[in-house]
Structures are given as C-alpha cells and as structure tokens.
Amino acid sequence: MKTIKRITAAVAALALAGVVAGCAQRPAATLSDEALLDSVERRTFDYFWSGAEPNSGLACERINMDGIYPENDETVVTTGGSGFGILALIAGMERGYVTREQGIERFERIVSFLERADRFHGAWPHWIEGRTGRVKPFGKKDNGGDLVETAFLVQGLLAAHQYFAQGNEREQALAQRIDTLWRGVEWSWYRNGQNVLYWHWSPEYGWEMNFAVHGFNECLVMYILAAASPTYPIDREVYTEGWAENGAIVDEHEVEGYRLRLRYQGVEAGPLFWAHYSFLGLDPRGLRDDYCEDYFGEMRNYSLINRAYCIRNPRHYKGYGKDCWGLTASYSTVGYAAHAPVEREDRGVIAPTAALSSIVYTPEESMDVMRYLYGPLHEKVWGPYGFYDAFSQTDDWYPQKYLAIDQGPIAVMIENHRSELLWRLFMSHPDVQNGLRKLGFDSPVLQ
C-alpha cells in the first residue's frame, strides 16, 4: 500500500504539471491572481480526488509523502475532512477539473460507503476504516459517534444534495440517498438529556468522554444542523443554554488593535480553524444572531488579529511577517498542535491553511501569503496536493505531509472567494434555512 501511495503521488504530480499549464515552473510574480488561485485550488482538490482512499472515495486522514504512517493508518478516512473534501469535489466538478460523469461516479461510491459504514445513533465516528467501514478508535474511549465530525460531513452532504437535486434522474436519485443519510442523524439524542450537545458517545463507554460543546469555537454549524433536522431536531433552548451559555458567550474585548465580541474558550483569540470549519458552507456574510451582530466582521477581525500578531512577532521567529502568517492546528515541531496568536501557543510553525483559508475575510492579505509560499518558498512547501501542511523557518523544518482537515478549507474557501458556489449551495437548503430561523439568526438568504 505504501508503494501504491508513492506511485499515486508521482502520477498526480506528473499529470497536474501538464494540467496547470506549466504554472509550477513560472514565478508567482508572473501569474495573475486568477491563475495562481486556480493552480492552488486545483492541486489541493486533487488531495480529495486522486489522493482519496480508493474503496470509500473519502478523504484519507493524512498523506505522508515519505510513505511512513502510524500502524494501519494508510487506509483510515476522516469524517470531518471528508465533509470538507465533498465540498472541494463539487468545486472541482463545476470547474471541470473532472467531468460531471466522473464526479457522479465518485459521489455514488461515497454515498454507498456511508450508507453501510458504522453509525452510532446516526452519527459517524471520527475515523472510519476505509476498507471495511468499521470504526477506528480516535482514542480509547472515542470509539463511537462523533457529532462534530458528523456535522462537518453533513455540511458537505447537504451542499451536494442541492448540487444534484435538480439534475437528471440519476442525480436526483443520488440527492434522495443523501437526504436519507441526513435524516438518519439523531442530533437530539446527543443532548444526553440536557440542554447542550455532547461531542461523543460510545456503545462501550457511553458518555464518559463528557465533552459538552459550548461556544465559541469551530462547532457552530453543529448546532445549526441540529436545529435544522427534520427528524431529530433540538429546541432553541439547547442553543441558548448550551452553545451560548445564556449569553456568557459574549465577551467584548480587543486584541492587537481589533475588536472581538465573542468569548474564545480561555484565550483572547484562538487558532484560525475556528474561523473556517463552520463557515465552509455556512455563509457568514450578513449573518447575525442575538450574540454576534456580524459574523463576517468577527471572523475578519479574528483573521487580522492572527496576521497582526505574526507581524509583531513577539517571539522573534524567522520568517514571520505580512507575507508569512497564519497560526492554526496543524503538524508541528512538537507533534500535532493547535497554534494560536498568544505567546504560549506559538511555536514558530506556520500552516498555509491558516491564511489561505481566510481568503474570504482577508483577500489581499491572504494573496500576499499565497504569492510568498508559491514564490520564495516554492521548492520547500509545494507538492503534488498543494502546499504541505506546515513548516518552520526558524527550525528549518519542512515536512512533506498533508492533513485532510487542513487541505479541505483551502480549496473550499478559495472557491467561495472566486464564485460563492459552496456558500450558495449549503445556504439554499430549506432545512438549513429553517434551522437558522429557529435559532433566531438573520441572513440575506432568509429575506
């Protein structure tokens, strides 16, 4: 299998070299913004296309170009990362990276796999063994349903539903199967009898993980989908008392000269994936509720804080600046870590996904980073599936590794920046609109 991975990566690199019309050999300065965006989106899309786990068609948890994996990890698919990948596949179909026929065949494989894979009160586990559909424990007690990862998967599935629902007979049948999967998630059961949603449940350990999800973090879309469910919905009180903690989610403060309204779980500003995962399908533009008057503005400031911190660079790391910023959860010099714009959570590690996936909030600032990565750092950070996961110029550390949950937001947010496609699809779903109304959200799509 390791040899197959290496061959697949090599073939992908050769194929894409022709597809991008020689862009890899051209300096970033000579490329238009559109050409550069397309080059990055296309390569990153291929993580979820040629790099997918072959039996399921879903996203591999990781692809390591050195071929070295943890035991039995090569065939593990990630539920949340696959949701991001589904959105990327839609974008690739629409842009002609693959034909519509190829895309439909892939989606039929994905849906067939999800229909037979392990589920726990309708929720998929964090990791699934791609050859069998059986749960692969993410941790000792994390061997059952993962409602957050399921929400990220469903976010992608509902966008796919909208993409296929008005198509030909075959596409409409696919949309109907997706609807059945959506209706099978028992969101309300994951309340554990309380007015809050719990992240995990295991048939062996029950609720012992004991992770009640409070805001603000990456999990907003989970509450919206739970309210939106036509079969197992939550009441508004679960959002109010659980996610928003009866208003305690509001904590107005200033960081790096930018105002924030929400509380960020023990830090003034956390890792940037909190601004990405829920908003791949959920359109933040004009989105507001009782606790945040402008989610787009909040996430823009959140991104600019991350940039401003890296420019200030209080720990004096090599390379940090206006062209090289972005702290988030990624591979790290100390293993996997959640980097954030506070000194105790800053290890000198930049993850391309951080700034690039913020392009919808900070288009000019994110393009500066993209040109720097594609230009001066090209040979060290660019590979067959786009930019590698993370690097440190201070430690001269450039691992040739990828993670699905970091690659997905790059392709998806670039597409939203270019066309708004994935936002439009997800927000057009009538159940999503009902969920937003139920929780008291206002959005231009609800007018």
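Mentor: Ala 351 lies in the loop between strand S9 (335-338) and H10. Keep in mind that this is a predicted model.

Trainee: Why is Ala 351 called buried?

Mentor: Buried means under 20% relative accessible area. Ala 351 has 1% relative accessibility, so Ala 351 counts as buried.

Trainee: Which residues is Ala 351 in contact with, leaving aside its neighbours within four places in sequence?

Mentor: With those neighbours left aside, the contacts of Ala 351 are Gly 326, Thr 328, Ser 330, Asp 389 and Ala 390. As for Leu 272, it is 79 residues apart from Ala 351 along the chain, and the two C-alpha atoms are separated by 9.9 Å.

Trainee: What makes Thr 362 buried?

Mentor: The cut-off is again under 20% relative accessible area. At 0% relative accessibility, Thr 362 therefore counts as buried. Thr 362 sits in the loop between helix H10 (352-356) and helix H11 (363-374). Not counting residues up to four places away in sequence, Thr 362 touches Arg 300, Ser 303, Leu 304 and Trp 325.

Trainee: How do you know that helix H7 (residues 220-228) is mostly covered?

Mentor: Nine of the nine residues of H7 are buried. Among them are Leu 220, Met 222, Tyr 223 and Ile 224. The cover over the buried residues of H7 includes helix H5 (147-164), helix H6 (169-183), helix H8 (236-243) and helix H9 (295-312), together with helix H14 (421-427) and helix H15 (430-438).

Trainee: Why is helix H4 called roughly parallel to H6?

Mentor: The axes of H4 (residues 100-116) and H6 come within 11 Å and cross at roughly 30°. Angles under 35 degrees count as roughly parallel, so H4 is roughly parallel to H6. Their crossing is left-handed. The contact of H4 with H6 has seven nonpolar, one polar and eight charged residues.

Trainee: How do the residues of the contact of H2 with H13 divide, and which residues meet?

Mentor: On the H2 side, the residues that meet H13 include Leu 37, Val 40 and Phe 48, and on the H13 side they include Ile 410, Ala 411 and Ile 414. By class, the residues of this contact divide into nine nonpolar, four polar and five charged.

Definitions and conventions: Residues numbered from 1 in each chain as written. Predicted model: local features only at pLDDT ≥ 70, side-chain atom pairs only at ≥ 80, totals over all residues. Heavy atoms only, no water. Helix = DSSP H or I, 4+ residues; strand = E, 2+ residues; numbered from the N terminus. Buried < 20%, exposed > 50% of the residue type's maximum accessible area, 1.4 Å probe, protein only. Contact = heavy atoms within 4.5 Å. Axes fitted to C-alpha atoms, helices over the stretch in contact; angles between N-to-C directions. Parallel < 35°, antiparallel > 145°, perpendicular 65-115°, else oblique. Left-handed = near helix turned anticlockwise from the far one by under 90°. Nonpolar A, V, L, I, M, F, W, Y, C, P; charged D, E, K, R; others polar.
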